[in-house]
Structure formats: structure tokens, C-alpha cells
Amino acid sequence: MMMALPANADLPQSGSITARWKLGESSGTRVDSVGSNDLSDSNTVTGTSSPQFGADASVFEENNSEYLSIADNAALSGSGDMSFFCWTNSKGEPGAGYNTFMSKSSNADRGYEFRVGDYGKVELVASTDGSTFDIYSSVTVSMVEHVWYHIGFVYDASAGEVKTYINGAQFGATTTAQGTSIYDNAVAFQIGAMLDQSRYMDGWIQDAIMWNGTELTAAEVEDLYNAYFNLPDEGD
């Protein structure tokens, strides 16, 4: 059954979405369907038909250092509440390394990074001062290669809490951070990489959505996941 991607209006907290990259382009710029945060293509991120949804997905080749990015701007700072979700399908767990879903961080100017690594650990790491990762959330997930997962996190800045979600439900315990507000650095926002650590995605990413300043509830995350399956069959 081939399904379409849900419309922006059908997503929870639709009026608070900062950026939505459906990532259906075959190459070049990936358009932000909500705002003006279009992503530039570095080293030719390609596109391929997704086996789960009718739209295409972006394919990242780790060995070719492929990623998408946009220069630093306030909309993607992550300095308050933040929610981020995407569909992903990896070519295999990265062992002792990391595959980065998205980041706005460098070793010298740390902000945040959402990644999978260390044999299936899905992690959000972030800094409140730009120098150390003092916000750290890690859950161990057995992510089967070539299987699609809806994955993301919700960060509550006032409580300093991180919740990780897999396929519409919270996975693992809520993590309480040492600090609260994520440091607003000057690093470019990247999907598929944390550049100066040479960490790259190896697999597919589709429909990446960020709410910067909004903390989705558990019910809203479930609604977000279900929105992809409560649509008419495109073949009908």
C-alpha cells in the first residue's frame, strides 16, 4: 500500500512547526515546506523511492560524506523547547561509530546533535554552555537495517528533560539534564552530519520536521505517527 505524506495542516501543533523538509527531491536543494530554511546539498545527496510512502526519500552515503545544511539562523537555534521527528532507514548499525540524523554543533562550538551509534543507542546530546555536552539522553534500540522507523525527541527546556520516541511511543526513560537552555551557537544546521567529527548518516531520511519552541505531548507524538497511516490509499 503506497501512502502519501500528510499535509502540514494535518500535523499536531501545525502552526508552530519551524521547518519541514519532506526530502523528496532527487538531488540539489531540499525545500522547507513551512518556512525559508531550504537545505543546500553537499556531495550529492540523492533520492530514491521509499518503500513505505509514495514520496521519495533522501539517501545519504557515509563513505561519500554527504549531508544537507543551512547557515546558522535563529529559527533553528534550539535555545528553548524543541521537538524533532523524521522517518529513517539505516544501512546497518554503525558499530562503535555514529550516524547523525541532524546536528547544529561542532567540537569547538557545541549546540545539539541527534544520532544513533554505539550498537543501537539513540542519543540527543546538547550543550548549555557551548563547551561540554551536559544534556545527554541515550536509549538502546535494536534498529534493524533496511526497516523504516519514525524516530525523534522532545526537549522540555524549563525542566531540562528529554524524551525519545520510536514509532509514536516513548522509548526508554525520561532523561533529566544537568542544564536547561541549549546553547545558541553559530554553527550551521545539518541533516545527515556533524561535520568536524566526520559523522555522517548512512541510509535514508524522509520527512524531517522541527518544532523550535514547542514541546509535543505524548498524545501529539502518537497523533503525528498515526497521521502517516490515516490517509487514503494512493492507489485507490
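Q: Let's begin with bridges: in E9, which residue is the bridge partner of Phe114?
A: It's Leu124 in E9 that partners Phe114. The model is a predicted one, where local features need pLDDT of at least 70 and side-chain atom pairs count only at pLDDT 80 or more, while totals for chains, interfaces and linings use all residues. Residues are numbered from 1 along each chain as its sequence is written, and side-chain values use heavy atoms, leaving out hydrogens and water.

Q: What are the E labels, and how many bridges join E8 to E9?
A: Strands (E, at least two residues) and helices (H or I, at least four) are DSSP runs, numbered from the N terminus. Two strands pair if DSSP finds at least two bridges between them. Strand E8 (residues 112-117) and strand E9 (residues 121-126) run antiparallel and are joined by six bridges.

Q: Where do E8 and E9 sit in the sheet order?
A: Strands of a sheet pair through backbone hydrogen bonds, either parallel or antiparallel. Here, seven strands make an open sheet, ordered E2-E5-E15-E7-E8-E9-E10, with antiparallel pairing. At the edges are strand E2 (40-42) and strand E10 (135-140), each pairing on one side only.

Q: Which strands pair with E11?
A: One is strand E6 (residues 82-90), which runs antiparallel to E11 with seven bridges between them; there, Trp87 stands opposite His150. E12 also pairs with E11 in the antiparallel sense, over six bridges, and Phe153 has Thr164 in E12 as its bridge partner. The hairpin of E11 and E12 has four residues between the strands, and Gly160 takes a positive phi near 65° in it.

Q: Which way do the side chains of E11 point, and are they buried or exposed?
A: In a regular strand the side chains alternate between the two faces of the sheet. Tyr149, Ile151, Phe153 and Tyr155 point one way from E11, whereas His150, Gly152, Val154 and Asp156 point the other way. Buried means under 20% relative accessible area, exposed over 50%, and partly exposed in between (1.4 Å probe, protein chains only). Eight of the eight residues of E11 are buried.

Q: Where is Thr214, and what does it touch?
A: Find the loop between strand E18 (203-212) and helix H1 (218-227): Thr214 is there. Thr214 counts as buried because its relative accessible area is 11%. Leaving aside residues up to four places away in sequence, Thr214 touches Gln13, Ser16, Asp81, Met82 and Ser83, where contact means heavy atoms within 4.5 Å. Thr214 and Ser158 are 56 residues apart in sequence, and their C-alpha atoms are 12 Å apart in space.
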